Amino acid sequence: MPLPGSLETLIDALRALPGVGPKSAARMAYHLLQRDRNGAARLAAGLTHALDKLHHCQRCNNFSETPVCDTCASPRRDARQLCVVEMPTDLNRLEETQAYKGLYFVLMGRLSPLDGIGPREIGLERLIERARDGVTEEVILATNFTAEGEATAHYASELLKARGLKVTRIARGLPAGGELEHVDGMTIAQALLDRRPA
Amino acid sequence: MSERVDGDPAFVLHTRPWRETSLIVDIFSRHHGRLGLVARGARRAGAAVKARLIPFQPLTLSWFGRGQLRTLHAAEWQGGGLMLRGHALMCGFYLNELLLRLLPEGDAHETLFDHYTLALADLNSRPEVEPVLRRFELDLLTELGYAQSLGHLASGGVIDPEARYGYEIGAGVIPPNRAAGYSGRALLALAAGDFSQPNTLAEGKLLMRALLAHYLGDKPLATRQLLIDLQRL
């Protein structure tokens, strides 16, 4: 029996979510329609509202309702430091630490050669432009320590240094409270390689 | 029949997300060649295995299952391989892309596995990447039967270092034709694995590029395109 057209459209739309295949999408659709119609209405309104209101901040590229986001506009942030992260979730993690008072730039991705994600797909060009505002003194690269995150950091660093900027990379090594006995070998090897004068 | 493999030496070539919490891991293993494995739950918070499933690291992997349903169940780091850095890292991605594009699934290529292991070590330790790349390209094409001997003519004749030659895909070195592109000296050096002369590298690059272009087909290499795009910034 064919599904009603609107149900089919909904199931198809839900498949836009990452990791959701046809079966999960159908389960979600039936749940929303049968068990949680209020939730469905909130979801619909929330999506419409977010799509309408949220844009990329002109300065940091993160999502913002205003042309320049609150963090970038705040006079309490140190505009001499610019920390580069892959995703907004990474920015949130750094903010939770309360260890950093500078500004951010969110690439919204990473260079991933084997997935065809190059400099055009992430905000590398915008980062260069942003870092050359004349106020930034240090660019801190906080991309992930994955092969892709490392490649991104390397090329960002080359491009920024060629424009006379000071570039640093966040440190990697043993985690806080880490004991050699319990840390994985790769981390120990990198910590040895990245050792510093004590 | 379901297979069970324990502790095969292997490298991760690439990973991509699969479903909610899993990864599909493309590997190059010593005894089973290129395969795709599912690492179930590898993307869950706190899953220790994800940190080990990164490219260019010598691992031993264990899996079971068959066809598209092979499941990874253990990954151990073998030590020694440090993360490639800078431009060498991009060259590592290039090697992986060649393997992903050209190696047929499930064919063991133990000699090539050794060549790949050596190429990664060389990328890590040598300042010049070009000889490493040319050597691996030639090893890969030879292992797959795509490169004919460069040490003698396709007809069996001797190559004169002072003469110039053509190369016909599928046949090998041929007498000079209209587009006689390669010097005898460079061809003999390539055949001997001697990459010390700049001209060997330059002509080797042209020859490898022509061969790779033929076997890769219309789809360009993403790693090469990425470097071109970066240079425009």
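Predicted model: local features only at pLDDT ≥ 70, side-chain atom pairs only at ≥ 80, totals over all residues.
**Notebook: salt bridges within and between chains A and B**

I started at the spot where B:Arg85 and A:Asp194 pair up in a salt bridge, with N and O 3.0 Å apart. The rule finds 2 salt bridges across the interface of the two chains.

Next I looked up which elements of chain A touch chain B. Helix 6, helix 7 and helix 8 each give two or more residues to that side, and helix 7 gives the most, with 7 residues. Sorted by class, that side of chain A has 15 nonpolar, 7 polar and 8 charged residues.

Then I checked the whole interface. I found 30 residues of chain A in contact with 30 residues of chain B. About 2500 Å² is buried between them, and carbon and sulfur atoms give 72% of that.

A:Glu150 meets A:Arg172 at 3.1 Å, N to O. A:Glu150 sits in helix 7 and A:Arg172 in the loop between strand 6 and helix 8, 22 residues apart. Buried or exposed, these two? Both are buried.

Chain B came next. B:Arg30 and B:Asp114 form a salt bridge at 2.3 Å, N to O, and the pair is 84 residues apart in the chain. B:Arg30 counts as buried because its relative accessibility is 19%, and the cut-off is under 20%. B:Asp114 has 38%, so I put it down as partly exposed.

One more in chain B: B:Asp122 bridges to B:Arg126, with the closest N and O atoms 3.5 Å apart. Last entry: A:Glu150, A:Arg172, A:Asp194 and B:Arg85 are joined into one network by salt bridges that share partners.

Key:
Residues numbered from 1 in each chain as written. Chains lettered and ligands numbered in written order. Heavy atoms only, no water. Contact = heavy atoms within 4.5 Å. Buried area = accessible area lost by both parts, 1.4 Å probe. Salt bridge = Lys/Arg side-chain N within 4 Å of Asp/Glu carboxyl O. Helix = DSSP H or I, 4+ residues; strand = E, 2+ residues; numbered from the N terminus. Nonpolar A, V, L, I, M, F, W, Y, C, P; charged D, E, K, R; others polar. Buried < 20%, exposed > 50% of the residue type's maximum accessible area, 1.4 Å probe, protein only.
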